[in-house]
Amino acid sequence: MIHDIIAIIQDYWLLLLIGQYPNGPLGGLANTLILSALSIALAFPVSIMLALARLSKWRLLRWPVTALVYITRGVPLLMLILWSYFLVPLWTGADVPSFVTMLTTLVVYQGAFLSEVVRAGIVALGSGQMDAARALGHSSLGAMRFIILPQALYNMIPSIISTFVSTIKDTTLGYVINVPDLTFAASQVNNQLLTQPFQVFFILAVVYYAICWSLTHVANIVERRITRRRAGLSGGAAPVELVPAKIISEQL
Amino acid sequence: MSTSAAEIQQVQTIRLSDVCKSYGDYAVLKNIEAEVARGEVVVICGPSGSGKSTLIRTINRLEEINSGSITLDGQNIHAAMRTRELNLLRSRIGFVFQNFNLFPHLSVVENVSMSPIRVKGVAADVAHDKALKLLDRVGLADKARAYPGQLSGGQQQRVAIARALAMEPPVMLFDEPTSALDPEMVGEVLAVMKSLASEGMTMICVTHEMGFARDVADRIWFIDAGQILETAPPEEFFKTPRHPRAQRFLADLRH
């Protein structure tokens with residue numbers, strides 16, 4: 001069993017690492033990491049903008065974004081992927097690479113989820129901080145940037161990391177529209193070997209676990225560092241209590 | 001130039017005329033008429049739920065009003081205006097909250113220096129030096145690097161006063177500044193407020209500290225059910241209150 005796994009890694013490590021590259025498109029683990037990093041890097045700012053739009057006093061901004069978030073959250077990701085994969089080329093006539101389709105769908109989908117996390121963090125702060133900022137003459141955007149968001153995002157680190165982790169895991173769904181990622185490479189290996197699906201997908205599971213675990217671990221370190229800097233954070237001025245960090249690992 | 005400056009000196013700093021506010025059918029403020037002169041210290045007192053906090057929050061427009069006007073040096077605070085103008089106006093009215101509302105993610109000195117930097121565009125090192133001076137003034141120079149969570153309630157409230165003073169407001173509003181404090185910390189906050197009053201700061205304070213009202217206030221506004229029922233100098237108000245509601249309020253306090 002362990003021999004099989006080692007043998008598979010020895011034979012197919014390059015395919016699992018970079019896919020068909022340089023003879024074909026970049027794939028494998030490299031592509032999974034690129035897709036994950038880009039999705040997270042884009043979904044995060046998008047989610048902050050969506051959250052601010054949902055809290056906006058302008059209905060014209062609030063309503064469409066609220067609708068978008070509700071619809072996106074109420075539809076399975078796989079269906080959104082298939083929709084964008086089949087419908088966007090049909091409507092626009094453009095030949096969109098599957099990687100771009102996957103990236104866009106993930107950013108919209110996870111952006112919607114993350115926006116609710118960000119919004120919850122902002123709302124949970126209570127009105128006192130915003131009152132104080134306004135009383136000192138801060139504009140609402142300035143107050144958001146320097147006073148509300150630094151606290152809201154910090155308080156929500158565990159939930160934000162959970163969403164990042166599920167973003168990484170959701171990249172596997174790119175498989176259905178032929179995004180050449182790690183899952184795609186593993187399934188190619190499996191198709192060649194035919195008799196060792198458990199071993200092949202065990203390797204896959206370990207690699208995904210390692211990626212997600214590393215992310216949570218780094219996040220924990222960052223969170224601890226901020227907590228230490230703000231040591232003594234408690235009492236009347238901080239209505240939100242810290243969520244214990246272990247929740248993150250439970251959601252892995 | 002000199003005459004107009006003298007005229008401004010005489011103009012009342014804050015004037016509330018016919019201010020009404022209601023939540024749905026419930027009238028919180030009814031036809032409030034009042035003014036505060038430059039350098040005057042006004043203490044608002046009254047039973048809970050009488051509209052004291054709402055009244056003081058309308059003065060820097062943390063609460064909107066339904067009708068009437070509130071002016072600061074002749075400028076209507078509740079007029080339709082650009083948010084930039086409103087922010088500028090607010091920065092000229094210091095506000096101290098019951099729950100301090102310090103920014104817990106910033107150190108004490110950052111709490112005090114941040115708004116001058118971000119709102120007024122003061123250079124960071126200038127704002128920092130000014131913040132240290134203000135902290136020294138409220139007796140917390142040694143806590144500049146601490147975070148709000150590491151301070152006692154009384155210390156936090158003194159930082160909050162320093163933070164408001166950093167914007168150099170001509171007027172300071174206090175909304176029950178000592179109500180969230182342990183009894184032994186009330187004195188240190190009141191001492192800071194007293195020294196401010198003695199330096200000629202125009203102040204409006206909602207407070208239950210009748211000792212402070214007696215010593216420091218120039219006038220007391222007694223408010224109940226959204227109306228100012230009596231305004232009088234403290235010695236008159238405490239000795240011979242005219243309004244029966246005020247008499248009852250003071251009698252209840254003595255028990």
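Which residues in α7(A) do A:Val118, A:Gly121 and A:Ile122 in α5(A) meet? Let us walk through the structure and come to that pair of helices on the way.

This is a predicted model, in which local features need pLDDT of at least 70, side-chain atom pairs count only at pLDDT 80 or more, and totals for chains, interfaces and linings use all residues. Residues are numbered from 1 along each chain as its sequence is written, chains are lettered from A and ligands numbered from 1 in the order in which they are written, and side-chain values use heavy atoms, with hydrogens and water left out.

Start with the whole chain. Chain A has 11 helices and zero strands, where helices (H or I, at least four residues) and strands (E, at least two) are DSSP runs numbered from the N terminus. Along the principal axes, its C-alpha atoms fill a box of roughly 70 × 45 × 30 Å. Of the 252 residues in chain A, 46% are buried; buried means under 20% relative accessible area, exposed over 50%, and partly exposed in between (1.4 Å probe, protein chains only).

Now to the helix pair. Two packed helices are described by the angle between their axes and the distance between the axes. For α5 (residues 98-124) and α7 (residues 140-155) of chain A, the axes come within 8 Å and cross at roughly 110°. That makes α5(A) roughly perpendicular to α7(A), a label for angles of 65 to 115 degrees, with under 35 counted as roughly parallel, over 145 as roughly antiparallel and the rest as oblique. The axes are lines fitted to C-alpha atoms, for helices over the stretch in contact, and angles run from 0 to 180 degrees between N-to-C directions.

A:Leu149 counts as buried because its relative accessibility is 12%. Leaving aside residues up to four places away in sequence, A:Leu149 touches A:Ile48, A:Val118, A:Ile122, A:Met144 and A:Tyr154.

A:Met1, A:Ile2, A:Ile6, A:Phe198, A:Phe202 and A:Val206 make a nonpolar patch of about 600 Å². Patches are made of residues with over 30% relative accessible area and no salt bridge: like charges are joined within 9 Å, nonpolar side chains (Val, Leu, Ile, Met, Phe, Trp, Tyr) within 5 Å. A salt bridge is a side-chain nitrogen of Lys or Arg within 4 Å of a carboxyl oxygen of Asp or Glu. Accessible areas come from the Shrake-Rupley method with a 1.4 Å probe; for residues, only the protein chains shown count as cover. The largest share of the patch, three residues, comes from α10(A). A:Phe202 lies in that helix and counts as partly exposed, at 38% relative accessibility.

Key:
Contact means heavy atoms within 4.5 Å.
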